[in-house]
Amino acid sequence: MHYVYVTDGVVTDQAQVDPFTIFAPSYAEGFIEAADEVTFGWTYADGEFSPPPGPTPEEIQAQNKQQASSLLSATDWTEAPSVSDVTNTPYLENVSDFIAYRIALRAIAVNPPTTPVTAWPPKPDEVWSS
């Protein structure tokens, strides 16, 4: 057990020890005892604590799109023609693996799911010619 401070029905502070030992009495008296899992953002109503609501499907969709776009940006360099040009040494031998990876990411970025993506396409390792 620990102690939490609730402001407008939301946990805004917490203490692992008796709040009267670390805070001014006027502030400490606002703390209530709570289970260890209760932390910042939990709500308190009618003597019961509830975890904060999770993200909405739209927020999850936006997060998925942002992550897919970020992963695409990190491999933009693979699209440069000189990277796969066999007349350049070294050149990326497995550019086709990166093309497939980027296609899978683009599918997520263009039509992001409303549930969290738990298995992102695995990024291929770079294989350079010698």
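The model is predicted, so local features need pLDDT of at least 70 and side-chain atom pairs count only at pLDDT 80 or more, while totals for chains, interfaces and linings use all residues. Residues are numbered from 1 along each chain as its sequence is written, and side-chain values use heavy atoms, with hydrogens and water left out.

The structure holds eight aromatic pairs. Rings of Phe, Tyr and Trp (its six-membered ring) pair if their centres lie within 6.5 Å; planes under 30 degrees apart count as stacked, over 60 as edge-to-face and the rest as tilted. One of the pairs, Tyr5 with Tyr27, is stacked, at 4.5 Å centre to centre and 25° between the planes. This pair links distant parts of the chain, for Tyr5 lies in strand E1 (residues 2-7) and Tyr27 in helix H1 (residues 25-28), 22 residues apart. Helices (H or I, at least four residues) and strands (E, at least two) are DSSP runs, numbered from the N terminus. Tyr27 also pairs edge-to-face with Phe23, at 5.1 Å and 75°. Ring pairs link Tyr5, Phe23, Tyr27 and Phe31 into a cluster.

Helix H2 (residues 57-74) has 18 residues. Its buried residues are Ile60, Asn64, Ala68 and Leu72, where buried means under 20% relative accessible area, exposed over 50% and partly exposed in between (1.4 Å probe, protein chains only). Seen down the axis of H2, these residues fall within an arc of 110°, so they line one face of the helix; the arc is that of the directions from the helix axis to the C-beta atoms. On the other side of H2, Glu58 and Gln66 are exposed.

Technical notes: The expected span of a helix is 1.5 Å times one less than its number of residues.
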